[in-house]
Amino acid sequence: VKSFTTYHPCCAARVTNIHRIADLVRGTVVKPGETFSVNGVVGRRTVEKGFVEAGAIANGEHVDEVGGGVSQFATTMFNAAFFAGLPFGEYQAHSEHFDRYPFGREATMGYEHPDLQWKNNTPYGILIDTSYTDTSVTVTLWSTQYAYGQQTGQSTGRSGNCTTVSTERTITFPDGRTETDTVRARYRDPGATSC
């Protein structure tokens, strides 16, 4: 149905975590009507599950924590689901923008929240496939083609110390019908720890 790839520098500790979460999610089947949850499938990121300490953001500060970097996987999956026209449940953008992610179209992870959730609102099962290289991660959603999404607009605004981003998606269904929805992000200004 859709595939999306994001890129990163080779060999940092966070890459170990990106590969590990990709391995854990690979092969998941989301049946019609089901909601997929990254946290529901993976659970807490722990050393016992093969995750390592790496950079993360907590309360507006850069810290090291076990599982740091898995948000890159979440962002990659978010975009695959976005272009597949699948509706989102819970998601949250990073609190600051990183150039490796599409502006306004991304997702961060925590446990238990924020989570990344999307719903299979198609008549067909969806198989989640994942792959990676030393410098990239890819999420592919396999199914019978149903709807597809396109980014058809984006606007920015201000809220306190933050830039707000609204990204419009137009979803086209098999009968030619279309509908639009919006995903949102909020990015802190450099040096700010909150909005």
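Mentor: Thr 172 belongs to strand β10, residues 162-172, where helices (H or I, at least four residues) and strands (E, at least two) are DSSP runs numbered from the N terminus. The model is a predicted one, in which local features need pLDDT of at least 70 and side-chain atom pairs count only at pLDDT 80 or more, while totals for chains, interfaces and linings use all residues. Residues are numbered from 1 along each chain as its sequence is written, and side-chain values use heavy atoms, with hydrogens and water left out.

With a relative accessibility of 14%, Thr 172 counts as buried, a word that stands for under 20% relative accessible area, with exposed meaning over 50% and partly exposed in between (1.4 Å probe, protein chains only). If we set aside its neighbours within four places in sequence, Thr 172 is in contact with Tyr 146, Ala 147, Tyr 148, Arg 177 and Thr 178, contact being heavy atoms within 4.5 Å.

Two of these partners lead us onward, and we can begin with Tyr 146 and Ala 147, which are among the residues lining the largest cavity, together with Val 1, Ala 84, Leu 86, Thr 122, Ile 126, Ser 143 and Thr 144. On a 1 Å grid over the protein atoms alone, a cavity is a set of points where a 1.4 Å probe fits but cannot get out, whereas a pocket is an open set with protein on both sides within 12 Å along at least five of seven lines, and lining residues have an atom within 4 Å of a point. The largest cavity holds about 50 Å³ of space, a volume being the space filled by probe spheres set on the grid points, which are joined across faces, edges and corners. The structure has one cavity of 30 Å³ or more.

Another partner, Arg 177, is partly exposed, with a relative accessible area of 41%, and its side chain meets that of Glu 179 in a salt bridge (3.6 Å, N to O). A salt bridge here is a side-chain nitrogen of Lys or Arg within 4 Å of a carboxyl oxygen of Asp or Glu. Glu 179 is likewise partly exposed, at 39%, and Asp 175 joins Arg 177 and Glu 179 in a network of salt bridges.

The structure holds six salt bridges, including one between Glu 96 and Arg 188, whose closest N and O atoms are 3.0 Å apart. This pair links distant parts of the chain, since Glu 96 sits in the loop between α3 and β6 (117-119) and Arg 188 in strand β11 (residues 178-188), 92 residues apart. Glu 96 counts as buried, at 19% relative accessibility, and Arg 188 is buried too, with a relative accessible area of 11%.

Arg 158 and Asp 189 form a further salt bridge through their side chains (2.7 Å, N to O). Arg 158 lies in strand β9 (residues 148-159) and Asp 189 in the segment after β11, so the pair ties together parts that are 31 residues apart in sequence. Here Arg 158 is exposed, with a relative accessible area of 51%, whereas Asp 189 counts as partly exposed, at 23%.
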